Amino acid sequence: MTGTDRAAAPPTEDSAGRPKLPTLIGAACRSCFAVVLAVVLALVLIRLRGFAPVPTMLAGLSYAVGDLPSVARTLAWGLPLLVAALGVAQGFRGGMFNIGAEGQVYLGALAAAVVGAYVGPLLSGLHLLLCLAAAALAGGAIAGGLGWLRAHWGVDEVLSTLLSNYLLILLCAYLANGPLRDPTRQSGSTRTVHDTAMFPVILPRTELTAGLFLVVGLAGFAWWLSERSVAGYRWRMTGASPGFAAAVGFDVARGRIACMAVSGALCGLGGALLVMTSQGRFWTEIGTGIGWDAVLLALVGRARPVGVILWAAGYCVMRASARGVEQATGIPAELSSVLIAVIIIAAAARNGMFALATDRLRRWGAPLAGSGR
Amino acid sequence: MTAVEAFLASGVRFSTPILLAALGCLPTRWTRDLNVGLEGAMLFGAFSGVVTGYHFGSAAAAVLATAVIGAAAGLGFGALITRLRASAFVVGTALNVLAAGATVYLLRSWFGVKGAFSSPQIPALPTLELGFLARIPLLGPVLSGQTPLTYASWLLVGFVAWASRHSVLVRHLKASGEHPEALRVAGGNVTRARILAQVWCFALCGLAGVQLSLGQLTLFTEGMTSGLGFVALAVVIFCRGSALLLTGMSAAFGLTSALSVRLDSSVLPSQFAQMLPYLVAFVGLVVLSRRSRAPETRMLTPTLED
Amino acid sequence: MSTPAELLRLRGIRKVFGAVVANDSVDFELAAGEVHALVGENGAGKTTLMRVLFGLHRPDAGQIEIDGAPANLSSPARAIGHGIGMVHQHFMLVPSFTVAENVTLGIEPGRHGRYHRAEAEQRTREVMARLELDLDPGAVTGNLTVATQQKVEILKVLYRGARILILDEPTAVLTPQETRELFALLRALAAGGTGVVFISHKLPEVFALADRITVLRRGRTVLSGRTAELSTEAVVTAMTGRSDVHLGRVVRPRLAGPVPAGAVPAGADPAGAVVLRVDRLSTEAAGADCPLAEVSLSVRAGEIVGVAGVDGNGQTSLAESLVGLAVVRGGSIQLNGAEITTHSVRKRRDRGLGFVPEDRHLQGLPLHGSVAEGLAAGRVRRLGGPRSLSAALPRALRDWARATVRGYRIDPPDIQARCQALSGGNQQKIVLARELEDAPSCLVLAQPSRGVDIGAIEYLYGKVAEATGRGCAVLLISADLDEIFRLADRVVVLFKGRAVAELDTATATRDEVGGHMMGVAA
């Protein structure tokens with residue numbers, strides 16, 4: 001089809017490489033469609049339970065972002081998720097589908113908790129750094145190893161990372177219930193970390209910690225890495241056009257491994273943040289599925305850091321709202337999982353839907369427009 | 001029944017959902033729309049089995065209703081990936097999350113319970129004592145006394161193996177995956193073939209779920225599929241299209257799962273025992289990739305570009 | 001003598017894809033027993049027109065009449081029902097199916113959904129007998145040679161009783177001898193009353209085979225008439241819209257400037273410095289292509305050496321082992337005197353090796369990436385290691401990309417356009433621009449004019465000629481003998497992975513080279 005496609009497609013990006021406004025608006029519109037669909041579905045589900053839809057949703061929203069403490073709480077909750085989602089997106093951008101985010105988050109959390117509890121207490125900044133480094137190393141090593149298996153032995157990383165989730169989560173559960181167990185607690189949990197390993201709270205009486213600054217920095221770094229840097233260029237080419245990358249002399253194997261390692265490191269850091277900004281220890285239910293959420297967010301954000309950040313923000317608000325709705329009406333908070341899944345599916349189908357719609361419109365419009373030339 | 005026989009019998013029971021799901025997924029491998037949402041489909045099937053069984057009071061009705069619901073879901077999924085050109089990988093992954101969330105949501109909304117739902121009103125799948133099977137030496141007690149779904153799965157293996165060689169439909173399924181243009185210009189219907197594969201897959205995954213929830217203990221637990229869908233996916237990828245290999249692998253995983261449940265925690269900590277099926281799958285994956293040079297191992301490649 | 005019955009008439013066909021008008025008010029007629037050639041550059045609308053005829057596209061306007069009666073060809077099944085059969089340029093054969101399975105796909109013999117293997121093979125044999133072909137119906141299609149696969153395509157069409165046969169660029173993958181066989185087959189079919197539509201851009205063949213010629217340019221009919229009444233120049237002018245297209249040997253400037261460092265001098269003549277020396281190169285079998293067996297050749301500075309051969313006889317293996325993408329089992333490759341046999345792709349490129357791959361979609365360009373990304377690869381490659389976190393496409397590079405796009409007259413001149421959206425010719429210009437920017441001392445070109453229209457081909461040949469003037473040694477690997485005879489000084493012929501002949505293009509004939517390509521000693 002490329003040979004016959006002679007028309008000049010209108011430029012989609014300006015000279016600085018930024019997407020032009022019409023394209024951005026078009027993309028936003030098509031994404032909005034999915035969100036609108038989800039909102040409608042939410043209203044219907046709430047109504048089915050016998051509650052007034054709009055006031056309920058507003059109550060939920062006010063729980064999420066109604067006042068400063070709420071915003072701080074929602075934000076604090078979303079920090080680990082965002083980092084993990086950026087990690088998965090890094091991998092996707094390089095063509096490496098790291099579906100093992102959940103396991104890497106768990107491992108990173110465990111590593112940070114162990115270093116935080118058994119090492120020190122040290123100077124606060126140093127201790128934080130050590131914990132973060134341990135988590136990044138743990139996650140990066142696992143993902144990098146799986147990337148090595150893909151690069152050199154052709155082991156499909158989708159299946160290997162999928163399976164690694166269960167292996168890692170069970171391993172962490174064993175360690176938390178066994179050798180690393182805190183005997184003063186009932187369930188499987190490690191010792192509480194020293195205070196020097198926890199991020200200080202920056203907004204009093206909320207959960208928002210200095211981890212926010214770290215996350216902002218990581219987000220900027222992730223964006224620069226995948227969209228602008230030389231390494232990101234190599235990974236993008238390796239991911240989208242591996243034949244091209246190999247033919248122009250990029251080391252495809254090394255790129256794949258490096259990309260996976262960075263992806264895993266970021267996921268590990270997400271896990272570390274779980275421990276160091278709120279929980280203070282590792283326990284077997286710490287993850288609560290943020291790894292799977294991260295994969296979904298990376299998919300719907302199409303692996304672009306900016307898109308992922310926007311979707312993550314929206315998702316956090318949605319999750320928090322769902323909790324608010326549960327508090328007010330008793331409707332289960334799993335509503336948000338249902339909604340995000342519906343959004344993903346609608347978003348995946350959006351291009352096809354629009355193509356179908358425009359095609360039908362054109363067919364109806366054609367006889368009206370006249371067939372004379 | 002001796003301990004070994006009990007172990008083998010439970011191994012057979014464990015392998016049925018894997019076998020059913022894998023048989024369901026196989027045609028989607030042929031049409032190159034590999035369904036990664038097996039986990040979600042099975043979970044929905046398990047839930048549907050419990051709910052319809054509770055409502056109708058009969059296991060047969062539960063099986064039938066779940067099969068029909070599964071087929072309808074497959075139709076919807078098929079329409080999504082063909083007419084609306086959605087990525088099968090993305091929708092399948094979303095399906096897994098949807099199932100996890102929706103089943104919990106409905107469990108709490110409809111029954112007001114958390115964690116698990118059980119009731120004496122839920123009918124269990126009957127176990128069939130088949131005389132002619134029971135008389136087989138050694139394996140007799142293991143093969144007899146299984147649920148109808150287990151026997152159905154064995155029959156399906158034979159059917160799928162026969163159809164792979166001798167049916168026109170399978171030819172079209174394979175063509176629509178390998179070279180859809182060729183099928184199109186030959187006058188075949190690629191869209192119909194792809195949708196049919198998904199209908200089959202979802203219906204069988206639904207039945208796999210019913211086997212899980214009504215097969216022995218009649219209850220639904222949140223997340224009760226616990227990765228079996230992914231194990232079935234691994235089986236489909238490993239089996240290289242051979243129905244016989246698919247059966248053997250499903251049996252192997254079933255036995256491993258049965259083993260992991262029975263191992264005493266003094267022999268092996270329970271978490272390591274639970275790891276066994278996944279470990280086996282992982283090692284198998286690595287060994288298989290090492291031995292084959294064909295790039296067809298890259299079956300699951302999703303695309304993020306439009 | 002009565003006028004032959006009119007089989008087919010297309011009137012005023014219009015087909016639009018989005019903003020692109022692929023066919024604009026096109027007329028086309030075909031009589032029984034006639035061979036009618038449809039000619040035009042890539043993108044002129046020939047394939048689109050035939051896909052409309054075959055029911056793959058619905059025309060936005062226009063009428064189709066078959067045997068004088070209007071026909072509604074809304075699907076391939078309908079078209080087949082009217083007796084239309086199409087042999088596509090890219091075969092519509094499922095590689096893992098047997099010949100019989102492919103021939104009977106869609107109309108499998110057997111009842112109640114059963115596939116009757118024996119009956120399918122029997123019926124396939126019957127059709128083969130009609131064409132005097134001898135193939136094993138149980139052979140797996142993917143293992144057959146390209147020419148044989150094409151015969152299976154024709155079998156498929158005739159099995160359904162086609163009276164109108166459309167062939168889309170059939171000779172692109174054939175040797176001269178195989179082309180002659182195909183033409184004999186087509187003539188036999190035409191003599192039996194079948195109407196043949198023959199799409200091609202290779203004029204010598206068109207003039208040899210066709211009774212009538214219709215030329216399309218930019219979706220419109222610009223010329224139509226009996227072959228005997230038309231001249232090659234008139235047709236070329238109609239195809240390109242220019243009257244100054246030169247189809248003969250490409251003129252090359254004299255070798256000027258210094259000889260590349262390290263090139264092995266031969267005697268006192270600087271033009272004789274050997275840049276690329278391949279010595280008894282053997283490779284592993286990889287993919288569908290034949291492995292190389294002790295191939296030796298050398299290319300001097302400023303020289304163009306052509307490597308002729310039918311697809312599957314080692315051309316791809318040669319290209320990939322030279323670039324570093326294939327494993328070498330024995331022998332050596334030297335570039336400017338340095339041994340590069342075990343070097344990575346990156347090292348070879350850093351040493352001055354350029355590569356224009358035969359599959360530009362897979363290896364030449366990032367399809368989903370931008371033009372800037374496609375052009376920048378060479379410069380980015382040199383920024384390794386510690387500079388990995390610096391900007392990949394800084395302003396300086398973007399300015400250079402814009403200047404290059406303007407200089408090469410790439411359309412559209414937008415460096416952020418997706419490579420996918422460009423035509424074949426423009427895509428190839430990007431590939432060549434990137435490779436030449438590195439000022440390589442040796443350039444390996446693999447099938448450079450595939451899918452590229454005549455105007456762009458002219459331009460690319462000009463650029464290659466310029467490069468040879470600067471001392472670049474060019475290895476031209478091509479299945480197109482015309483291309484080799486236009487560009488190359490010498491030609492090496494590959495057959496089953498061996499270099500079976502080395503000839504001077506000034507003195508050799510096409511038949512001689514073609515014979516070596518088939519493994520027949522001249």
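pLDDT is the predictor's confidence in each residue, on a scale from 0 to 100.

**Entry 1: confidence in chain A.** I noted that this is a predicted model. I looked up chain A and found an average pLDDT of 85, with 91% of the residues scoring at least 70. I then located a stretch, residues 1-18 of chain A, over which the pLDDT is below 50. In the model, this stretch has 39 contacts beyond near neighbours in sequence. I recorded a caution: where pLDDT is low, the predicted coordinates should not be read in detail.

**Entry 2: chains A and B.** I found 40 residues of chain A in contact with 43 residues of chain B. On the chain B side, the elements that give two or more residues are α4 (88-111), α11 (228-238) and α13 (270-291). Of the elements, α4(B) gives the most, with 13 residues. I sorted the residues of this side into 28 nonpolar, nine polar and six charged.

**Entry 3: chains A and C.** Here I found that chain A contributes 30 residues and chain C 46 residues to the contact. On the chain A side, α8 (230-240) and α9 (242-247) are the elements that give two or more residues. The largest share, six residues, comes from α8(A). I sorted the residues of the chain A side into 14 nonpolar, 11 polar and five charged.

**Entry 4: helix α9 of chain C.** Is this helix enclosed or open? I found nine of the nine residues of α9(C), residues 315-323, to be buried, so the helix is largely enclosed by the rest of the structure. Among the buried residues are Q315(C), E320(C) and V323(C). After α9(C) comes G324(C), for which I noted a positive phi, near 110°.

Definitions and conventions. Residues numbered from 1 in each chain as written. Chains lettered and ligands numbered in written order. Predicted model: local features only at pLDDT ≥ 70, side-chain atom pairs only at ≥ 80, totals over all residues. Buried ≥ 20, exposed ≤ 12 C-beta atoms within 10 Å, placed from the backbone. Helix = DSSP H or I, 4+ residues; strand = E, 2+ residues; numbered from the N terminus. Contact = placed C-beta atoms within 7 Å. Nonpolar A, V, L, I, M, F, W, Y, C, P; charged D, E, K, R; others polar.
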